[in-house]
Amino acid sequence: MNKTDPAIHHSPLGDYQARKSVHPKRIDGPFRRFKWLIMLVTLGIYYGTPWLRWDRGPYAPDQAVLVDVANRRFYMFDIEIWPHEFYFVAGLLIMAGIGLFLVTSAVGRAWCGYSCPQTVWTDLFQHVDRFVDGDRNARMRLEAAPWTWGKVTRRLAKWAIYLVIAFWTGGAWIMYFADAPTMVRDFWAGEAAPVAYITVAVLTAATFILGGFMREQVCIYMCPWPRIQSALMDEHSLQVTYKDWRGEKRGSVKKAAKDPAAYGDCVDCNMCVAVCPTGWDIRKGPDISCITCGLCIDACDRVMKDVDRPRGLIDYITLDDAEAEAKGAPTRPAWRALLRPRTIVYFIVWSGLGLGLLFLLGTRQHTEITAAPDRNPAYTVMRDGSVRNNFTVKLRNMEARPRDMLVSLEGLEGGSMWSDEISADDAARQLEFAVDADATETLRIYVIAPRGTATQDFAFTVEAQDEQRETDSVDARFETPSGGS
Amino acid sequence: MANEIPQVGKRVDDATGTETVGHEWDGIEELNTPLPRWWLWTFYATCVWALGYVILYPAIPLLDKGTEGALGWTSRGQLTEELAAEAAARAPVMEAVATTPLERLQEDAGLMQQAVAGGAAAFRVHCVQCHGANAAGSEGYPNLTDDEWLWGGDLAAIEYTLTNGIRHPGATQTRTSLMPAFGRDGILSGEQVNSVTNYVLSLTGEGSATAAGAELFANNCAVCHGADGGGLRQFGTPSLNDAVWLYGDSREAIRRQIFEPRHGVMPAWEERLDPATIRMLAAYVHSLGGGEDFVEAVELAAAEPNEQD
């Protein structure tokens, strides 16, 4: 070892740091109520959505939201996405990404503070802690207490509740991938697919460990999003800020009463730390630990009210405004922080994408034809000198009812076609096929043209034989030995 | 323990209040932050996992082979199992294909589809070497996608040809015929070969024939190729009045074939493939666009044994 550098691998804090348990204190206030609301809505959506029914007629499932992997269909209420329309899903994901940019640049880590699943489930598990073991002080005492039978029983009871929630969470996930009532029955009858049990096991374990035990460690050490957010925020983004210019020097009400000039508004009650779900002290400034949930604002406002001082010693404020306020300069109204070029550009891109997707969704055809030519051989010369080209033609019926479809040749004078289902003797320029509901019909189409036909472009057209008469066409090329245009 | 180490010359970062490790690269310093303890346990857990893996599965390479692992698993063994499972899954289809009478095969659309798919797979292994990918053929190797069939183009005829081969040495039932080398063996003079060539070309409307050419054809060729040059399947003779030419349609190519003909050979596949696979290959070849209906086939099958005797 190099003598001059003995401590190079050692931190004064130790090589490894054990997790310090966080026991957030119960608090009530506008932000806490907002968190309750968000939790109710997000968990409600997550657990409830698979059970919503949606009538699509006899040929399609009646589950409102369904990712039907086996049949490669994605259903969302009135929308049905086919695999070749996956750009809709890609578009939604891009919208989600830009939406996060928009939210972060405007209101900082609001995602982390309110709607991130890690936050919501951690919050839920912390309420379980409170329900089983009592509030902050009781929980701290219990943690420090020796492992008596009473403590073991309590812990086992708590972990059992964790496990039920975790299992329910993992179980809800698979409901999105199959008909929910059928899935529940199959699952308990032991007849569901192995992947269903594996998924439930993995998600149950993940929820149990990440929500029950890892909690804020996920945000601080594992999650990439706080790091990305650092790059997305600027001096106009709202963040939870302790107004040190107003709060310092900290001191009790008694001390401040004796010497008002020497003390700020902070009474050093430590409530902001006690309620923090990640155990951070906001008075040290913003940190990766601060998910900006606003619970410390609720706590501080309450204390300020009790000691008869104005609220907002800890508050959502932009860095710009914080600096202005510290200097006694006027601050700008909050809407100015929201309405600025950056957020407006994000919003325009985001809503433009959304409108574009909606437009595509509203105008898309439900009848499609594609044609892939055989490349080897490109053509076959028949005994009478006529030339045959083979195509693999696909007819897509994206309606939830069976339809007849009329396929026609457009161009290619003298040409005719037949398919595997039809004899070559019955070759014609128009063929009708029955296509199942919500299905793709794959056809082998043999196109034949008389001797001497030149290589040329033509097209297959399809017309649905129903009231709407939707049509589609696809360009194709007829190859011959004689070459041509 | 960590506190005992003297902290000499370590800068404390102002913004975080954390000590740096003392390294500095172009002004970038590293904070000396401890790792979370659970990370350490995660690391130990992966070590335990790796240890179990090394014991259970093949892992350490030795001189001639690696350690075998307690489970005895090998990728080759897994492949064998998977192939066996596939074969078992296919067995009912193979059985059905082999036992369904050929005349009935086309009536069962599902079975026919499976037969065609199985035939396509077998074709890629056994047939593409000569007939080319997708059976397009090439000079001397018949194109199987057209409607010209030397030995018949219905399912039964194709299956027979596949089973017994063409001019396959040693196979008693093989399809066979031989065209004399009219030029090389001096049966016809060079001038006469040219006349016959002109006559053959005229059958498809190319150039003009002489009366001498027509007479030579009638005397020497018509017995096998038919009076109109339409070919006779009993002998596997190609039709000379259509647009399909196995050895080329140029004057030179036709003359060369009359002067000293070449003859194609195909193995009798019954020596290598099971009847179900041969039947699936027949179904595939039949499906390529030129397959003929069965009605003729029955007649031909009835006629065939006599010719083979």
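Met266(B) is placed in the loop of chain B that runs between helix H10 (251-259) and helix H11 (275-286), where helices (H or I, at least four residues) and strands (E, at least two) are DSSP runs numbered from the N terminus. The model is a predicted one, in which local features need pLDDT of at least 70 and side-chain atom pairs count only at pLDDT 80 or more, while totals for chains, interfaces and linings use all residues. Residues are numbered from 1 along each chain as its sequence is written, and chains are lettered from A and ligands numbered from 1 in the order in which they are written.

Met266(B) counts as buried because 20 C-beta neighbours lie inside 10 Å; a residue is termed buried if 20 or more other C-beta atoms lie within 10 Å of its own, exposed if 12 or fewer, and partly exposed in between, with C-beta atoms placed from the backbone. When neighbours within four places in sequence are left aside, Met266(B) is in contact with Gly165(B), Ile166(B) and His168(B), contact being defined by C-beta atoms, placed from the backbone, that lie within 7 Å.

In an unreviewed UniProt entry, Met266(B) is listed under "binding site" together with Cys127(B), Cys130(B) and His131(B); such annotations may be inferred rather than shown by experiment. Although these residues span 140 residues in sequence, no two of their C-alpha atoms are more than 10.5 Å apart, so they gather at one spot. His131(B) belongs to helix H5 (residues 128-131) of chain B and, with 20 C-beta neighbours inside 10 Å, likewise counts as buried. Beyond the neighbours within four places in sequence, the contacts of His131(B) are Gly137(B), Tyr141(B) and Leu144(B).

Elsewhere in chain B, strand E1 (residues 20-25) has six residues, of which the number buried is zero, so this strand lies largely in the open. E1(B) runs antiparallel to strand E2 (residues 28-31) of chain B and is joined to that strand by three bridges, pairing being assigned if DSSP finds at least two bridges between two strands. Glu24(B) has Glu29(B) in E2(B) as its bridge partner, and the two strands form a hairpin with two residues between them, in whose turn Asp26(B) has a positive phi of about 50°.

In chain A, three strands form an open antiparallel sheet in the order E2-E3-E4. Strands E2 (65-68) and E4 (79-81) of chain A stand at the edges, each with a single partner strand, so one side of each is left without a neighbour in the sheet. Strand E3 (residues 73-76) of chain A pairs with E4(A) over three bridges in the antiparallel sense, and Tyr75(A) has Glu80(A) in E4(A) as its bridge partner.

Technical notes. Contact = placed C-beta atoms within 7 Å.
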